[in-house]
Amino acid sequence: MVPNQDGYTHTEFCQHGSGDDVELMIRKAIKLGFKSYSVTEHAPLPPAFRAELGGALDTFDTGAMALTDVPAYLQKIHSLQHKYRHDLKINLGFEFDFLPTHIDWTRDFLEEYGAELNDGILSVHFMKGTNAKFYGVDYTPTEFQAGFRQETADAQSIYGHYLDALQQAVTTDLGPHAPKRLGHMTLIKKFQDYFQMPLVFDEHNMRKVRVLFNQLKRTNWALDFNVSGLYKPWCNEVYPYPELIKLAQSFGIPLIYGSDAHSIAEVGHGHHLIDFLNA
C-alpha cells in the first residue's frame, strides 16, 4: 500500500456530488501531506443506456459527468497538474462503468481519450434485475429493492450475480487504454444493514472471489481499497470488507487507498486505515 496517496476522487463535474471545486480538494490533499492524488471522475454513460434502465432515471441523469463536459474536465485537470506540479503528483483518469451492452461505446471512448490519461478505475454500478432491465446497485434502498426484490431474501444470490459481473468486467477487452484497477468490489453490500444482508460471502461466492483474484493477479490488476462505505449509513464497512482485503494481499494483488471523495470534507477520509493493510 502506497502511503500519502489518495487514489480515487471526484470533482465538480460529478452530477451527484457536492459541487466542490476540485482545486480546493487538491489543496486539502496537499495540506494533508499527500504526494499523489488521482482525479477519477465518472466517465459519461452511453446515451442509449438510459432506455435500458428499469428504475429511476436519475441513476443515469446524475450518475456520471455529461459527455459535453469532457473537454473542460480534461483541460482543467491538465492545468492543475501544471500549477501544482511541485506540490503534488496529480493523476488524470476516469472511473468507467462496465456496461455489458455498451462495450463498443466504452472502447471507443477510451480510444479517443485514453492517451491523455494516466489512471483509471473500472466499476460496476448497474446490474440487470427485474424484467432484464438495469438498476443502480448503490442508488437508494428503494431502487435496490425494485430491481432485485426477488433476491433480497437470498442476498448470497445477488452477491453472486455481482461477482459474476465483476468477473466479466475484468475479462473483457476494452482496448489498450483500459483501466487496470477494479473499483469497490463489494459495492453490492452498500445497503446490507437496511436489508439485513449477510456480512460475509458464503463459500460458493468465496470460490468466485478466488477466481476473480486469480484473474486480477494473472493480468496485473490492482484492487480499490475504498473507505467510502464506512461512512454510508446502511453499509458501515470499507469496500472490500477486511477478510477480502487480507485474501487479496495473500494473492499479491496491489491495493490502492481511495477516499472516493465527492467533496472537500471527504478528501483523505479514513486514510489512517492503510495501517491495517500494512500491518
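**Figure 1. The cavity of the predicted model.** On a 1 Å grid over the protein atoms alone, a cavity is a set of points where a 1.4 Å probe fits but cannot get out, whereas a pocket is an open set with protein on both sides within 12 Å along at least five of seven lines; lining residues have an atom within 4 Å of a point. Grid points are joined across faces, edges and corners, and a volume is the space filled by probe spheres set on the points. The model is predicted, so local features need pLDDT of at least 70 and side-chain atom pairs count only at pLDDT 80 or more, while totals for chains, interfaces and linings use all residues. Residues are numbered from 1 along each chain as its sequence is written, and side-chain values use heavy atoms, with hydrogens and water left out. One cavity of 30 Å³ or more is found in a search of the whole structure, and the largest cavity holds about 70 Å³ of space. Its lining consists of Ala43, Pro44, Leu45, Pro46, Phe96, Asp97, Leu99, Trp105, Thr106 and Phe109. Two or more of these residues come from each of β3 (89–97) and α4 (103–113), where helices (H or I, at least four residues) and strands (E, at least two) are DSSP runs numbered from the N terminus. Helix α4 provides the largest share, three residues. The lining comprises eight nonpolar, one polar and one charged residues; Ala, Val, Leu, Ile, Met, Phe, Trp, Tyr, Cys and Pro count as nonpolar, Asp, Glu, Lys and Arg as charged, and the others, Gly among them, as polar.

**Figure 2. The largest pocket.** By class, seven nonpolar, 16 polar and eight charged residues form the lining.

**Figure 3. The second largest pocket.** A volume of about 200 Å³ is computed for the second largest pocket. Among its 15 lining residues, Asp119, Gly120, Pro179, Lys180 and Arg181 lie nearest its centre. At least two lining residues are supplied by each of β2 (36–42), β3 and β4 (119–123). The lining divides into five nonpolar, seven polar and three charged residues.

**Figure 4. Packing of α1 against α3.** Helix α1 (residues 22–31) and helix α3 (residues 70–83) pack at an angle of about 30°, their axes being 11 Å apart. Axes are lines fitted to C-alpha atoms, for helices over the stretch in contact, and angles run from 0 to 180 degrees between N-to-C directions. The crossing of α1 and α3 is right-handed; a crossing is left-handed if the near helix is turned anticlockwise from the far one by less than a right angle, and right-handed if clockwise. Val22, Glu23, Ile26 and Arg27 of α1 meet Lys76, Ile77, Leu80 and Lys83 of α3, contact meaning heavy atoms within 4.5 Å. Four nonpolar, no polar and four charged residues make up this contact.

**Figure 5. Packing of α6 against α7.** The axes of helix α6 (residues 155–170) and helix α7 (residues 203–218) come within 10 Å and cross at roughly 15°. The two helices, α6 and α7, are therefore roughly parallel to each other; angles under 35 degrees count as roughly parallel, over 145 as roughly antiparallel, 65 to 115 as roughly perpendicular and the rest as oblique. The crossing of α6 and α7 is left-handed. Residues of the contact include Tyr159, Leu163 and Leu166 of α6, and Val209, Leu212 and Leu216 of α7. By class, the contact has eight nonpolar, five polar and two charged residues.

**Figure 6. Packing of α7 against α8.** The axes of α7 and helix α8 (residues 242–251) come within 10 Å and cross at roughly 40°. This angle makes α7 oblique to α8, and the crossing is right-handed. Met206, Val209, Arg210, Phe213, Asn214 and Lys217 of α7 meet Leu244, Leu247, Ala248 and Phe251 of α8. Seven nonpolar, one polar and two charged residues form the contact.

**Figure 7. Selected loop residues.** Thr172 lies in the loop between α6 and β7 (181–182). Leaving aside neighbours within four places in sequence, Thr172 is in contact with Phe98 and Ile103. Pro240, in the loop between β8 (222–226) and α8, is joined to Tyr239 by a cis peptide bond with omega of about -10°. Gln196 is found in the loop between β7 and α7 and, although not a glycine, has a positive phi of about 55°.
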